[in-house]
Amino acid sequence: MTTVTLQNLQKSFGDVVAVNSIDLEIEDGEFLVVVGPSGCGKSTTLRLLAGLEPTTDGRIEMGNRDVTGVEPKNRNVAMVFQNYALYPHMTGRRNITFGMKSSGDFSDAEIESRVEDAAETLDIEDLLDRKPEAMSGGERQRVALGRAIVRDPDVFLMDEPLSNLDAKLRIQMRAELARLHSALETTTVYVTHDQTEAMTLGERVVVMNDGQIMQVDEPQVLYDFPANRFVAEFIGDPAMNMIPVDIENGHAVHDAFTLPLPSGDDSPSTERNGAGDTRISDARHAILGIRPEDFRLSDVQTDDGLPTIDAEVNVREPLGDSLLLHCSIGATACNIQAEPRTEVHAGDTVSVTYDPARLHLFEDKTGEAFYHSGLHLPSDEQVVSQVSK
Ligand SMILES: Nc1ncnc2c1ncn2[C@@H]1O[C@H](COP(=O)(O)OP(=O)(O)O)[C@@H](O)[C@H]1O
Ligand SMILES: [Mg+2]
C-alpha cells in the first residue's frame, strides 16, 4: 500500500521558488498526472519525490513512512525520464538489469525471471540484445520503462516520458501506459506539459502554475468546472474564450450582447470549487468564459429563445472534423467552433448562440471562478422568462 503525501513541500534555488508550499495526497494505486507550462515546477516536484533534490521545507511520506531526508535508493521509487537515460554501450538487457545487479539485492535467477516478465509485458523481447543506437525512440522508451518495472517499485515517477516521440507513437504509447497501469496498479506520478496527455491518462490531474497547485480534480471536472482562469485557459484546446463583461441584474452585459445568467446555485461546482456563493446579483466587472465548442452558429428555426450574438469572421480554419472561426464579437476576439463544411468565409458576419449550461464567470482581478451555469439546462420556461425581460 503506497499512498504518497506531500505536506507544505517547498523548494527554492536561490531566489527562484520552484515549488511553493504544495499539499497533496496521492492515493494507493492512483495514476496522478501533474500538468502545467514549462518552468512551473513539475520536474522539481518529481525530483523531490525521488529524493534527487533535498527539500527546502515540508515533508514527504510514502506508505505512511516519512521519507523526507531518505536517500533515493532507499525510497523504492523508479523514475522514467524524457530522454530515456539509457547507457549507449549496453544492450537493452544490460540497461534493464544494471540497477538491480549493482544493488546486490537480487539473485541472478530473480533478475532473469523479472527481465523475462517485463520484456513480455512491454513486448520488447527483440530489443534485449540490441544497443540503444539500434532502437527507435519508441523502443528506447520501452526499454527505459522495462528498467523501471523490473524494480517492482512502490511508486513510478515519470517525467514527460513521451515528449520525444512523434505524434502517432505518442498516442500509441499513451494507450500502452494506461494498459500497463491497469495491469500493475502501481502508484504513479506522471508529469507532462501536454493537457491532452493529462486529460487522457490521469485518474486525477494536478494543474500547476508558478510552483503552486491551481486545482486538483478528475479530468472532466477540470474541464467543466475550472476553479480559476488559469485552469480554464490551460485545459481545453482551443482555449476557452475570455470576454470582459459587466454583471447587471443577473445578466452579462457586453457592448455587443446581453445574455441572461441561469441560476448556477446547484451546479456541482458549488461544493467542488467553493464557487458557491453565487454573486451574480452583485453589479461588477467580470470575465465571461465560453468555450469555442459551446458556441454554435445560430439557426432561427431551432434556437429556442436564446439571445443571438453577431460575430465577424476574421479567419477560417478548417480542421477536418470541425471548422474553427477566429471572430470579433464587438471589440473582443473570440474563437468559435462550427460544423465542418459550413459555408462561412472571412469577412462574413455570423449570428451565434451558445450553450446556456456552459457559462463561466471569473473575478476580474483575481481570476477566481465565482459562477458556473451548471451542467443541467435550465427549464425552457426559465430561459424564456429571463430572455423576455
Ligand atoms: N538546479 C536548478 N538550479 C536553479 N534553478 C532551477 C534548477 N532546477 C530548476 N530550476 C528552476 O525552477 C523552476 C522550475 O523548474 P522545473 O521544475 O524544471 O519546471 P518544469 O519541469 O515544470 O518545466 C524554473 O524556474 C527553473 O529554472
Ligand atoms: Mg520539466
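Reader: Which residue has its backbone nitrogen reached by the side chain of Asn95?
Author: This is a predicted model, in which local features need pLDDT of at least 70, side-chain atom pairs count only at pLDDT 80 or more, and totals for chains, interfaces and linings use all residues; side-chain values use heavy atoms, leaving out hydrogens and water. Residues are numbered from 1 along each chain as its sequence is written, while chains are lettered from A and ligands numbered from 1 in the order in which they are written. At 2.6 Å, the side chain of Asn95 reaches the backbone nitrogen of Tyr87.

Reader: In which helix is the place of Asn95?
Author: Helices are DSSP runs of H or I with at least four residues, strands are runs of E with at least two, and both are numbered from the N terminus. Asn95 falls within residues 92–103, which form helix H2.

Reader: Is Asn95 buried or exposed?
Author: Leaving aside residues up to four places away in sequence, Asn95 touches Leu86, Tyr87, Met90, Pro132, Val143 and Arg147, a contact being heavy atoms within 4.5 Å. Its relative accessible area is 1%. Buried means under 20%, exposed over 50% and partly exposed in between, with a 1.4 Å probe and protein chains only. Asn95 is therefore buried.

Reader: What share of the residues of the protein counts as buried?
Author: The protein has 10 helices and 21 strands. Of its 389 residues, the share that counts as buried is 50%.

Reader: Which element supplies the largest share of the shell around ligand 1?
Author: Ligand 1 is surrounded by residues including Phe13, Val16, Pro37, Lys42 and Thr44, where near means that a heavy atom lies within 4 Å. Strand E2 (16–26) and helix H1 (42–50) each supply at least two residues of this shell. The largest share, three residues, comes from H1.

Terms used: A polar contact is a pair of N or O atoms within 3.5 Å; within protein, one must be able to donate a hydrogen and the other to accept it, and residues adjacent in sequence count only if both atoms are side-chain atoms.
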